[in-house]
Amino acid sequence: MAESINSATYEAALATSKKIEEDIVKNPKKYRVLTGDRPTGRLHIGHYFGSLQNRVRLSKLGVPTMILIADYQVLTDHDAYQEISQNTKQLVIDYLAAGIEPGENVIIYPHSYIPEANQLMIPFLTLVSNAELSRNPTVKEEIQAAGLTNVNAGMYTYPVHQAVDILFCKGNVVPAGKDQLPHVEMARTIANRFNKKFCHDREPIFPLPQVLLSKTPSIMGLDGTQKMSKSRGNAIMLCATEDETAKLIKKAKTDGERLITYDPQNRPEVANLLQLIALCTKETPEEVAARIGEGGGGMLKNELTVALNETLRPLRQKRAELEKDPAYIQQVLLDGVKRARAIAEKTLEEVREAMNMKI
């Protein structure tokens with residue numbers, strides 16, 4: 001639904017993102033990043049190249065990073081609630097295996113365990129209209145993708161809950177793609193309205209969050225035509241073995257031309273595989289294509305298999321070790337919950353005071 005996002009809004013966000021990127025390296029403590037995932041399944045290589053690597057980079061720079069596991073939001077468009085607990089733990093394993101290190105700068109937690117944050121939902125809902133919620137293009141796309149005909153109120157108010165997730169910890173940077181701009185804009189709107197309504201005679205409570213736009217191109221699935229997704233059967237999971245990876249890549253769609261060229265417009269399937277190799281080898285897709293040349297689809301797939309398995313080997317080894325230590329994974333979550341709740345309690349007290357609700 002990126003087409004529904006105003007081009008001027010996107011250009012402004014892009015300019016702001018570039019400034020943040022330049023400054024965050026010099027002043028990491030000036031920022032607090034809010035990022036995360038819904039626990040709908042294990043992560044795949046699209047997540048790894050699209051977001052996990054960037055989270056590792058930011059946390060190693062010393063940027064305070066909140067990594068949210070959005071378990072409540074699974075209920076808005078999924079029936080697989082029986083798997084939420086297991087999926088939550090698998091997300092943590094994927095995070096840690098990718099190189100994220102929970103500690104002073106990194107907090108990992110599920111938002112269902114942060115009641116003080118979720119209490120912000122009610123005052124935030126009073127600051128937006130039904131019309132504003134109805135217009136959100138990202139929600140429209142998610143409703144369409146989930147094939148929902150009867151939209152529950154949880155899905156409808158999804159952007160407000162995301163605002164809660166961002167603002168309870170006073171997050172001022174949200175790494176995201178273009179399609180998430182409307183959600184962050186809603187958080188900015190709510191923060192601004194709250195500050196104007198309740199903080200006119202005091203310091204504003206909430207920062208106005210900005211998007212740090214992803215530099216990684218959208219990772220398409222092995223079919224080359226749709227975004228990578230486990231539900232579409234076109235993904236390579238981080239937990240896949242090297243043999244499983246090879247089999248999946250062997251089935252990837254290419255075309256009949258022997259000469260390999262990087263042409264995203266006319267050869268999207270080939271271009272996608274070239275892009276994946278380039279992400280592993282740090283070459284450009286054009287350089288990869290030139291190297292393969294007349295090697296055809298077979299050589300292209302072989303190159304991707306080798307590059308991907310080599311890149312993911314350390315992650316997969318660490319993942320296997322973490323799978324054997326469920327007590328540690330649980331402790332990471334419990335520690336994260338404790339620290340996130342302390343932040344949420346402080347923010348809720350400030351909100352109560354601003355709204356004249358303290359007793």
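**Close-up views of a predicted model**

View 1. Leucine 248 is partly exposed, with a relative accessible area of 30% (buried means under 20%, exposed over 50%, partly exposed in between, using a 1.4 Å probe and protein chains only). The model is predicted, so local features need pLDDT of at least 70 and side-chain atom pairs count only at pLDDT 80 or more, while totals for chains, interfaces and linings use all residues. Residues are numbered from 1 along each chain as its sequence is written, and side-chain values use heavy atoms, with hydrogens and water left out. Leucine 248 belongs to helix α12 (residues 242-250); helices (H or I, at least four residues) and strands (E, at least two) are DSSP runs, numbered from the N terminus. Leaving aside neighbours within four places in sequence, leucine 248 is in contact with Leu222, Ala235 and Ile236, where contact means heavy atoms within 4.5 Å. Glutamine 180, 68 residues apart from leucine 248 along the chain, has its C-alpha atom 29 Å from that of leucine 248.

**View 2. Aspartate 165 in helix α10.** Helix α10 (residues 158-167) contains aspartate 165. This aspartate 165 is buried yet has no salt bridge, and the nearest side chain of opposite charge, arginine 38, is 10.0 Å away. For charge, Lys and Arg count as positive and Asp and Glu as negative, with His and the chain ends not counted. A salt bridge is a side-chain nitrogen of Lys or Arg within 4 Å of a carboxyl oxygen of Asp or Glu. The side chains of aspartate 165 and histidine 111 are joined by a polar contact of 3.0 Å (a pair of N or O atoms within 3.5 Å; within protein, one must be able to donate a hydrogen and the other to accept it, and residues adjacent in sequence count only if both atoms are side-chain atoms). Beyond neighbours within four places in sequence, aspartate 165 is in contact with Leu34, Leu68, Gln73 and His111.

**View 3. Arginine 55 in helix α2.** Arginine 55 sits in helix α2 and is buried, its relative accessible area being 5%. Its side chain makes a polar contact of 3.1 Å with the side chain of threonine 35. Leaving aside neighbours within four places in sequence, the contacts of arginine 55 are Thr35, Gly36, Asp37, Ile67, Tyr95 and Ile100.

**View 4. Salt bridge between glutamate 350 and lysine 170.** The closest N and O atoms of this salt bridge are 2.6 Å apart. Glutamate 350 lies in helix α16 (residues 326-354) and lysine 170 in the loop between α10 and β4 (173-176), so the pair ties together parts that are 180 residues apart in sequence. Glutamate 350 is buried at a relative accessible area of 18%, whereas lysine 170 is partly exposed at 26%.

**View 5. Arginine 352 and glutamate 349 in helix α16.** These two residues form a salt bridge, with the closest N and O atoms 2.8 Å apart. Both lie in helix α16, 3 residues apart, about one turn of the helix. Arginine 352 is partly exposed at 29% relative accessibility, and glutamate 349 is partly exposed at 33%. Elsewhere, salt bridges that share partners join Arg42, Asp94, Arg319 and Glu323 into one network. The structure holds 21 salt bridges.
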